[in-house]
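Here is a short report for a reader who is new to this structure. Look at the sequence and the model first, then read on.

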Amino acid sequence: MNFELLIQLIINGLIVGLLYGVVAMCFVLVYKSTQVVNFAQGEFLLIGAWVCWAFLIYAELPFIVGFFLTLFFMAGFGVLLQMIVLRPMIGEPIISVIMITIGLSMFFQSLMKWIFGVDPQSYPQVFETQSFEIYGLNVEVAYLMSTGIALLIMVAFFLFFKYSKHGLAMRATAFDQQVAQSLGISVKSVFAMSWGIAATVSATAGIVIGLVNGVSDSLSVMGIKVFPAVILGGLDSIIGAIVGGLIIGVLENVAEFFDSQYFHIGNMYDIAPFYVLLIILWFKPYGLFGTKDIERI
Amino acid sequence: MSQVAVKKETAKPLLSVNNVEVVYDEVIQVLRGVSLDVPEGEIVTLLGPNGAGKSTTLKAISGLLKTEKGEVTRGDITFMGERIDRKNAEDVVRSGMFQVMEGRRIIEDMTSLENLKLGAYTRNDKHINQDIEMVYNYFPRLKERTGLAGYLSGGEQQMLAIGRALMARPKMICLDEPSMGLSPLLVKEVFEIIGKINRDQGITMLLVEQNANYAIKAADYGYIMESGKIVLDGTKEQLLSNEDVKEFYLGGGNEERKSFKNLKSYKRRKRWL
């Protein structure tokens, strides 16, 4: 058995898993505060990555400028999307809202193909060195950056929801909208804010993945990959989202390792998380950290 | 009706509810022309049986009615000289009116400190920490309870709800049944603190209660509501000496009327209108 490869794959899994965790967190954020199951989550990554790519290639901006411009763009994009498309849906049946988000997902995927074409594109070289070695393990700078950014986002989420006025207001709204209103919190702006944050943070993850793998349609697959992570952790738990993301990230890599070494079934990387999801839901229908009375979809 | 018509004529009241009608779901009429005045700096109580429309009156004032598909269809509500009956709940809070909802409604998965901070959501000044200390002075017990607010006792949750209202630095607080589910000893304590806050801070209060005994004694003026109308109003002394109030709300009255033989007369007299 090739232990070195296994360890390398597990570390890769953790790095990717952290990104899954970040995206899953955005998903949970939107679900918790607005009760919307956002099937267009993956498209936030896709749009973010393409927009940043366009800033770098067409406008020839330095990476850091393009990156922050993209974040501003995505914040506005998320807020507007909520205000225009989802605000009229407040109070409508959950199935209608799900249909809307599935529609949004298809729409934006096609829109990106229409604007940027169907071919994958790669980002310009951002880092001078590609990789270096620690204790014989090959560490890519991009991965290191992705881990750093993911951890930074998680810490920022924690601080935001623990100490900031708007974070507290969002938690209050998630707990009880009427009480939130009685405290002077505008539920409408909380809804818009949570979509804005979800779009911005997901776009960050999209750009980070784009730096490593290039931008392509496969980014929106993250939106589907995140489902096992979210449901594993429980639909309404932010901690659960992070743990779920890490588990899925490691799992797909380990599954791929054993498959390539022994079973040769093929394509385990994509399928294994869903098998495990099935098994876990069998024993824990509400996920590992979920609240028992949440609505099933 | 004559008692209602002769309203206390003082300087312009802080809050004035004029002939308000409220309809839920576009068909169910709950308030049928409620009028009441709350003068600045006073405690006014609104009494009445279950379903009389007391909570609905408060929600009409605080704008929370709109979150329950309710609507003010007639009349107007003026607070500090400004119409508030068409305003959103969050704008009413910003204008200085804070409602402590029935059943305390604290955010249970937050700590009491976070709940207090949320009370100050509409404020942008730098004195929030100072005010947290002020709330702890009124309710020293809250300072010791650092865990989640959901684990607080009923009395502590009520104190937290009142403290959270203070954090908004409101001009006026509407309290919906602060005595609900509390032991007699705690009810006494809560009412004492309400009176103290009113005196110290000059915060005007509108107090909806089922516990008429405490509420009338704590208040300067009182209104009694039944089936969506104000049926009686008067000063503390007037209400305490009124025979009907004594019989129906304070559990007193003369022996003759309380006896079983006179049940028929009791039934007949049960409603004023």
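Chain B holds 13 helices and ten strands. Helices (H or I, at least four residues) and strands (E, at least two) are DSSP runs, numbered from the N terminus. The model is predicted: local features need pLDDT of at least 70, side-chain atom pairs count only at pLDDT 80 or more, and totals for chains, interfaces and linings use all residues. Residues are numbered from 1 along each chain as its sequence is written, chains are lettered from A and ligands numbered from 1 in the order in which they are written, and side-chain values use heavy atoms, with hydrogens and water left out.

## Chain B as a whole

Of the 273 residues in chain B, 53% are buried. Buried means under 20% relative accessible area, exposed means over 50%, and partly exposed lies in between (1.4 Å probe, protein chains only). The accessible surface of chain B is about 12,700 Å². Carbon and sulfur atoms account for 48% of that surface. These areas come from the Shrake-Rupley method with a 1.4 Å probe; for residues, only the protein chains shown count as cover.

## Two domains in chain B

Domain 1 of chain B covers 2-106 + 170-185 + 193-241, and domain 2 covers 243-273. The bounds come from an automatic or database domain assignment. Where they meet, 15 residues of domain 1 of chain B are in contact with nine residues of domain 2 of chain B. The two domains bury about 1,000 Å² between them, 64% of it on carbon and sulfur atoms. Buried area is the accessible area (1.4 Å probe) that two parts lose on being put together, summed over both.

## Where chain A meets chain B

The two chains also touch. Here 17 residues of chain A are in contact with 26 residues of chain B. Together the chains bury about 2,100 Å², 58% of it on carbon and sulfur atoms. On the chain A side, A:Phe175, A:Gln178 and A:Leu183 lose the most area to chain B, together 31% of what that side buries.

The table sets out the polar links at both interfaces. A salt bridge is a side-chain nitrogen of Lys or Arg within 4 Å of a carboxyl oxygen of Asp or Glu. A polar contact is a pair of N or O atoms within 3.5 Å; within protein, one must be able to donate a hydrogen and the other to accept it, and residues adjacent in sequence count only if both atoms are side-chain atoms.

| Interface | Salt bridges | Residue pairs in polar contact (both at pLDDT 80 or more) |
|---|---|---|
| Domain 1 of chain B and domain 2 of chain B | zero salt bridges | one residue pair |
| Chain A and chain B | three salt bridges | nine residue pairs |

One salt bridge joins A:Lys162 to B:Glu114, with the closest N and O atoms 3.1 Å apart. In chain A, α6 (165-175) and α7 (177-182) each supply at least two residues of the side that touches chain B. The largest share of that side, seven residues, comes from α6(A).

## Residues in the helices of chain A

A:Leu152 sits in helix α5 (residues 141-163) of chain A. Is A:Leu152 buried or exposed? A:Leu152 counts as exposed, because its relative accessibility is 61%.

A:Thr204 belongs to helix α8 (residues 187-213) of chain A. A:Thr204 counts as buried, because its relative accessibility is 7%. Leaving out residues up to four places away in sequence, A:Thr204 touches A:Phe67, A:Leu71, A:Ile149 and A:Ile153.

A:Val243 is part of helix α10 (residues 238-263) of chain A. With a relative accessible area of 28%, A:Val243 is partly exposed.

## Positive phi in chain B

Most residues other than glycine have a negative phi. B:Asn19, in strand β1 (residues 15-24) of chain B, has a positive phi near 50°. B:Asn19 is partly exposed at 37% relative accessibility.

B:Arg104 has a positive phi too, about 70°. B:Arg104 lies in the loop between β6 (97-100) and α4 (112-119) of chain B. At 13% relative accessibility, B:Arg104 counts as buried.

Methods:
Contact means heavy atoms within 4.5 Å.
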